[in-house]
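This report concerns a protein structure and the way its parts meet. The structure is shown here for reference.

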Amino acid sequence: MRLHSSKLSPWGQRVWMQIRLKDLPIERVGAAGGSLRSPEHLAINPLGKVPVLVDGELAVPESEVICEYLEDKFPTPSLRGAPGEDAARVRLISRICDLYVLPPLAGLLLHKAEHSVAEGAVLLPKVQDALDQVERFLGPGPFASRDAVTLADCALVPVGFLAVTVLPVFQDAAPLANRAKLALWWKHIQGEPVAADILGELREGYRGFRERVGWPQGALRTTI
Ligand SMILES: N[C@@H](CCC(=O)N[C@@H](CS)C(=O)NCC(=O)O)C(=O)O
């Protein structure tokens with residue numbers, strides 16, 4: 001099995017963290033044919049995106065669907081949370097990250113790269129509202145839901161990284177510190193070994209991205 005993804009892809013890293021936590025024999029490769037628009041990659045994922053998982057003849061795109069596929073195929077250890085309230089919270093946090101936080105947050109990264117400040121002004125409040133929703137739905141902790149790492153943490157780790165890295169550029173200096181539950185979660189998750197590795201990879205991917213687009217100058221901010 002292989003996962004087409006990249007170190008900076010927040011959706012890809014959500015799946016990669018799951019793969020690492022479950023210790024699955026899956027290799028990570030870049031886009032097929034070297035680009036998301038190559039005929040080779042479009043043949044695997046007509047959506048032209050990463051991540052996409054290839055399992056024999058089957059190609060599974062979309063991070064949410066990949067995570068569910070892997071949980072079904074490799075049920076132990078389960079990262080779904082305990083059936084009932086816990087599992088519902090895990091799905092809810094993952095979904096909010098996927099649908100409401102990441103699209104404008106990833107957009108900020110890309111628009112800033114294109115130096116579109118006006119677009120940034122539209123996207124920033126959307127990210128902030130969505131982070132407020134995450135704050136509301138976080139569980140008692142210390143992980144995103146309860147006392148075990150789950151798919152909600154996998155979804156939140158790239159969100160935390162991008163929030164503390166990108167939002168200060170838009171004058172939101174402490175996006176996690178200002179939200180009490182998120183701040184506690186962020187402090188805790190950085191001590192989880194797989195999450196720490198994923199954060200290291202995200203940092204590396206971000207450095208490469210900055211070099212490619214020449215943005216932004218100044219120190220790379222990765223802590224609150
Ligand atoms: N909803 C998708 C989002 C994936 C996504 O947008 N990935 C980005 C990389 S982080 C991408 O491939 N963008 C290229 C494009 O949209 O053209 C998922 O959950 O997998």
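## Model and domains

The structure is a predicted model. The domain assignment divides the protein into domain 1, residues 2-73, and domain 2, residues 85-213. Between the C-alpha centres of domain 1 and domain 2 the distance is 20 Å.

## Extent of the interface

The size of an interface is often given as the accessible area lost when the parts come together. For domain 1 and domain 2, the buried area is about 1,900 Å², with 69% of it on carbon and sulfur atoms. On the side of domain 1, Leu-8, Trp-11 and Met-17 lose the most area to domain 2, and together they account for 35% of what that side buries.

In terms of contacts, 17 residues of domain 1 touch 27 residues of domain 2.

## Polar interactions and composition

Five salt bridges are counted between domain 1 and domain 2. Five residue pairs are in polar contact across the interface of domain 1 and domain 2, both residues being at pLDDT 80 or more.

Helix 1 (10-22) and helix 3 (63-73) each supply at least two residues of the side of domain 1 that touches domain 2. The largest share of that side, nine residues, comes from helix 1. By class, the residues of the side of domain 1 that touches domain 2 comprise seven nonpolar, three polar and seven charged.

## Ser-5

Ser-5 is placed in the loop between strand 1 (2-4) and helix 1. Its relative accessible area is 7%, so Ser-5 counts as buried, the cut-off being under 20%. Apart from neighbours within four places in sequence, Ser-5 is in contact with Gly-12, Arg-28, Val-29, Gly-30, Val-50 and Pro-51.

## Gln-128

Gln-128 belongs to helix 5, residues 117-137. Because its relative accessibility is 24%, Gln-128 counts as partly exposed. Setting aside neighbours within four places in sequence, Gln-128 is in contact with Asp-172 and Arg-179. Between Gln-128 and His-188 the separation is 60 residues in sequence and 21 Å in space, C-alpha to C-alpha.

Notes
Residues are numbered from 1 along each chain as its sequence is written. This is a predicted model: local features need pLDDT of at least 70, side-chain atom pairs count only at pLDDT 80 or more; totals for chains, interfaces and linings use all residues. Side-chain values use heavy atoms; hydrogens and water are left out. Domain bounds come from an automatic or database domain assignment. Contact means heavy atoms within 4.5 Å. Buried area is the accessible area (1.4 Å probe) that two parts lose on being put together, summed over both. A salt bridge is a side-chain nitrogen of Lys or Arg within 4 Å of a carboxyl oxygen of Asp or Glu. A polar contact is a pair of N or O atoms within 3.5 Å; within protein, one must be able to donate a hydrogen and the other to accept it, and residues adjacent in sequence count only if both atoms are side-chain atoms. Helices (H or I, at least four residues) and strands (E, at least two) are DSSP runs, numbered from the N terminus. Ala, Val, Leu, Ile, Met, Phe, Trp, Tyr, Cys and Pro count as nonpolar, Asp, Glu, Lys and Arg as charged, and the others, Gly among them, as polar. Buried means under 20% relative accessible area, exposed over 50%, partly exposed in between (1.4 Å probe, protein chains only).
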